[in-house]
Amino acid sequence: MSKAGLDNRQRNQDSEISHKHGACLIGTLRKIYGQGFAAGYPPTEKLSDILGHLNETSLSQLRRDYKTGHLDHKITNALH
């Protein structure tokens, strides 16, 4: 039962990430997390289009930075 709760919280967090950062391009996120982020997807793909298909490594990096409040700052720096 606890797993179901955890999954629900993660889906809610993923929804928040998609809503707030969904327009961010995978190429931008690769500047932050490295070339292996969202492997197999073109750099011009938007995060919102592939968020549900990310592997656990890429997804956990996003979730960690979003939860700690660092994702906004990292994306802003990657764009400049």
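Analyst: Buried means under 20% relative accessible area, exposed over 50%, and partly exposed in between (1.4 Å probe, protein chains only). The model is predicted, so local features need pLDDT of at least 70 and side-chain atom pairs count only at pLDDT 80 or more, while totals for chains, interfaces and linings use all residues. Residues are numbered from 1 along each chain as its sequence is written, and side-chain values use heavy atoms, with hydrogens and water left out.

User: Why is Ala38 called buried?

Analyst: The relative accessible area of Ala38 is 3%. The cut-off is under 20%, so Ala38 is buried. Ala38 lies in the loop between α2 and α3, where helices (H or I, at least four residues) and strands (E, at least two) are DSSP runs numbered from the N terminus.

User: What makes the phi of Ala38 worth a remark?

Analyst: Phi of Ala38 is near 55 degrees, a positive value in a residue other than glycine. Most residues other than glycine have a negative phi. A positive phi, near 100 degrees, is also found at Gly34, which follows α2.

User: How do you know whether Pro43 is buried, partly exposed or exposed?

Analyst: Pro43 has a relative accessible area of 45%. That value falls between 20% and 50%, so Pro43 is partly exposed. Pro43 sits in the loop between α2 and α3. Leaving aside neighbours within four places in sequence, Pro43 has contacts (heavy atoms within 4.5 Å) with Leu25, Ile26, Gly27 and Arg30. The C-alpha atoms of Pro43 and Thr28 are 7.6 Å apart, although 15 residues separate the two along the chain.

User: And Thr28: what class does its accessibility give?

Analyst: Thr28 has 9% relative accessibility and therefore counts as buried. Thr28 belongs to helix α2, whose buried residues also include Ile26, Leu29, Arg30 and Tyr33. The cover over the buried residues of α2 includes α3, α4 and α5. Not counting residues up to four places away in sequence, Thr28 touches Ile75, Ala78 and Leu79.

User: Why are α2 and α5 given the orientation they are given?

Analyst: Helix α2 (residues 26-33) and helix α5 (residues 71-79) pack at about 105 degrees, with axes 9 Å apart. The axes are lines fitted to C-alpha atoms, for helices over the stretch in contact, and angles run from 0 to 180 degrees between N-to-C directions. Angles under 35 degrees count as roughly parallel, over 145 as roughly antiparallel, 65 to 115 as roughly perpendicular and the rest as oblique. The pair α2 and α5 is therefore roughly perpendicular. Their contact is made by Thr28, Leu29, Lys31, Ile32 and Tyr33 of α2, and by Leu71, Lys74, Ile75, Ala78 and Leu79 of α5.

User: Which residues have the most contacts inside the largest nonpolar core?

Analyst: A nonpolar core is a set of buried Ala, Val, Leu, Ile, Met, Phe, Trp, Tyr and Cys residues joined through side-chain atoms within 4.5 Å. The largest such set has 15 residues, and Ile26, Leu29, Phe37, Leu47, Leu54 and Leu62 have the most contacts inside it. Two or more residues each come from α2, α3 (47-50), α4 (56-68) and α5. Helix α2 gives the largest share, 3 residues. Phe37 touches, among others beyond four places in sequence, Ile26, Leu29, Leu54 and Leu62.

User: What is the make-up of the whole chain?

Analyst: The chain has 5 helices and 0 strands. Of its 80 residues, 32% count as buried. Among contacts between residues at least 6 apart in sequence, 51% join residues at least 24 apart.
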